[in-house]
Each structure stands twice: as structure tokens, then as C-alpha cells.
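Thanks for coming. Let's look at a ligand and the pocket around it.

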Amino acid sequence: MKINKVTVSAPGKLMLFGEHAVVYGHPCIVTAVDQRMFVTAEVNDSGNFELEAPDVKVSAYKRPLSEIGIGEIPMGAQFVETAIANVVIKYKKSLTGLKVITRSEFSSQFGFGSSSASTVCMVKALSELLGLKLKEKEIFDIAFRTVLDIQGKGSGFDVAAGVYGGTLYFVTPGKTIEKLKIKTLPLIVGYSGVKADTVTLINKVSDTAKDYPRVINGIYDIVGVIVNEAKPYVVKENFEELGRLMNLNQGLLESMGVSINKLSQMIYAACENGAYGAKLSGAGRGDCIIALAPSKNVSTVGKAIEKVGGTVIKVKTNAEGVRVEK
Ligand code: PMV
């Protein structure tokens with residue numbers, strides 16, 4: 001049966017191990033979080049693409065469908081609009097009119113991956129509306145293509161988390177996407193209040209790599225080793241060892257130059273108040289830190305993070321991937 005309207009949702013994500021090195025072919029581990037992005041898409045006869053995306057301050061955005069993906073696109077509309085253009089071109093489909101509304105359970109400031117989650121949702125919504133029946137890998141490929149069209153750089157780990165959910169061992173560009181069988185991963189998440197820009201930070205590390213290629217490539221290699229050491233402990237839910245490995249990974253992120261005082265303060269506060277370990281999560285220089293602690297220390301660690309100015313965000317990890325909402 002052909003449907004005219006659908007709502008889909010995809011989870012946000014947190015990088016557990018391996019950021020930056022993952023862009024250059026090393027593995028990473030990412031977990032999907034239970035704060036989700038929602039996209040409602042409805043086919044109509046208007047001949048236009050219309051978008052309401054209040055979370056990124058887009059209101060009453062409208063352009064003829066014949067022009068989508070062409071020329072200047074406002075920031076907040078880029079991912080959704082380019083996703084539509086890419087799906088329509090790749091699968092040789094046409095639309096008579098489309099109205100899209102996005103809504104997020106998390107702030108686009110957290111670094112939970114709102115752009116990639118909205119891209120994944122848009123591709124899945126079109127798969128439903130156009131009867132394409134896309135498989136997870138097909139959704140991943142076209143959503144990652146879309147992110148690269150806009151950002152130019154990135155590993156796609158965030159897109160994978162949005163599509164597949166769970167906790168993934170990931171190698172770019174989707175060479176390995178392995179779901180790790182776990183029940184629980186009780187992360188403490190501290191938000192810095194500072195917005196990080198992923199591409200700027202990838203460029204910053206690669207600038208250092210131009211001057212010191214052996215040093216930075218050596219660091220990436222060791223990050224890859226840490227990810228592979230961490231993988232069995234994720235499955236065994238050995239949080240103590242994972243904490244130790246987080247600290248090792250954080251030391252290397254410091255040497256890449258992507259930490260800042262605020263992140264380090266939260267990380268030290270967590271570790272000095274009973275966490276097994278902590279690290280920044282994502283590109284760095286802002287967004288969030290993650291920590292692991294024995295359950296008896298979780299509240300003390302949270303308080304310590306808040307005392308140095310962080311905000312604790314309650315999330316459940318290992319969340320479900322993209323899905324159609326009833
Ligand atoms: O800032 P985030 O959460 O988008 O994470 C970026 C992680 C990088 O490894 C720096 C980039 C990437 O796409 O893997």
C-alpha cells in the first residue's frame with residue numbers, strides 16, 4: 001500500500017573510543033543514545049519542498065522541487081534537502097511535493113549528531129514514501145554520501161549509529177560495521193556548554209600531521225590499538241578496564257590538541273571523584289565528555305562534573321537505530 005505520510009526517528013550518538021584516527025582508516029567504537037531525532041514527511045501536490053526545522057531555526061523554508069539541492073542552501077536545511085536530492089537522483093524517482101518537519105529530543109549543540117540523524121531519517125522516510133524498501137547498508141551509503149557532500153570530511157561513524165543503533169565497532173567508509181552484543185553501558189555524560197565544529201577540528205589535527213606526519217600517524221596507530229583492546233571489554237562489560245583505556249585515549253586526544261580546559265576540568269573532576277576513567281567524546285574542543293564509574297560513585301561523579309561547570313545529560317546507551325514511528 002502506498003503511504004503519503006510517515007514519521008521516522010533515529011538516535012543520537014556518542015563516540016566511545018577512536019575519534020580522529022577513525023577518519024584515517026582506524027577503527028572506532030560508537031554507541032547510539034536514546035535521545036532521538038524525528039522527521040515527519042508528507043507527500044502533497046504543491047510542487048514544492050517545504051521544511052520546518054525549529055531546532056536549527058528553520059521556519060517556513062520553501063523552494064520548488066525542481067530546484068532542490070541546487071545553489072545556496074541555508075545551513076539548517078542542508079542535510080535534509082541534499083538527502084532528498086540524492087535519493088531522488090540515485091533511485092530515479094520524482095516527487096509531486098513534499099513537506100518535512102523535524103523535531104529533536106536533544107539540542108543540536110550537544111554534538112549528539114543531529115545533522116547525521118536528520119539525514120538518516122530523511123533517507124528512511126523517502127524509502128517508505130517512495131516504496132524503495134532500502135536496506136540498512138543502502139540507507140547508510142546514501143546518508144553518508146550526503147554528509148560528505150556537505151561537510152567534505154568525516155568517517156561516517158555517526159551515520160552508522162543512526163542507521164544501525166546499538167554499539168558499533170566501525171571502520172570507514174562502512175568497511176566494517178559490527179554490532180557489539182552488550183546489555184548495558186552506564187555512561188556518565190557531561191556537556192561543556194561549548195559548541196565544537198567537527199571539520200575545523202579535523203583540519204586542525206591534519207595541519208599538525210602535515211608538519212609531524214610520523215608523530216600524528218603514530219598516535220593514530222596507538223588509538224587504533226586502544227580501540228581493539230577496548231572491544232572485548234565492551235562486550236564483557238568490564239567498565240574498570242574500559243575506564244583505564246578511556247584515560248589512555250584521552251591522553252592521545254590531548255596530544256592531538258583537541259582538548260580544552262573545560263573538558264579537562266570535567267574529566268579530572270570525574271576521575272578524582274571515583275570514575276574508572278573519562279575522556280572527551282567526538283571532535284573535541286567542546287561538546288561532551290563521557291565517564292565510567294562504579295554504580296556507587298555515579299552520583300558523586302555527576303556532582304563533581306557539575307561543580308566545575310558541566311551539565312550532566314542523562315542518556316541510555318545502546319539505543320535502537322532508525323525506525324518508523326507508529
Ligand atoms: O564531533 P563529532 O561528534 O561529530 O565527532 C567527530 C569525530 C571525528 O572522528 C573527529 C570525525 C569523524 O567523522 O569521525
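I'll start with the ligand, then turn to the pocket.

First, the ground rules. This is a predicted model, where local features need pLDDT of at least 70, side-chain atom pairs count only at pLDDT 80 or more, and totals for chains, interfaces and linings use all residues. Residues are numbered from 1 along each chain as its sequence is written, and side-chain values use heavy atoms, with hydrogens and water left out.

Which residues are closest to the ligand? They are Lys13, His20, Ser155, Thr198 and Ala283, out of 13 that surround it. To count, a residue needs a heavy atom within 4 Å.

Now the polar contacts, meaning pairs of N or O atoms within 3.5 Å. Lys13 puts a polar side-chain atom 2.5 Å from a ligand oxygen. For Ser155, again through a polar side-chain atom, the distance is 2.6 Å. Ala283 uses a polar backbone atom, 3.0 Å from a ligand oxygen. On its own, the ligand has 380 Å² of accessible area, and the protein covers 94% of that. Those areas come from the Shrake-Rupley method with a 1.4 Å probe.

Where does the ligand sit? In the largest pocket. A pocket here is an open set of points on a 1 Å grid over the protein atoms alone, where a 1.4 Å probe fits, with protein on both sides within 12 Å along at least five of seven lines; lining residues have an atom within 4 Å of a point. "Sits in" means more than half of the molecule's atoms lie within 2 Å of the grid points.

This pocket has a volume of about 1,100 Å³. Its lining has 47 residues, with Phe79, Ser115, Gln151, Lys195 and Thr198 nearest the centre.

Terms used. A polar contact is a pair of N or O atoms within 3.5 Å; within protein, one must be able to donate a hydrogen and the other to accept it, and residues adjacent in sequence count only if both atoms are side-chain atoms. Grid points are joined across faces, edges and corners, and a volume is the space filled by probe spheres set on the points.
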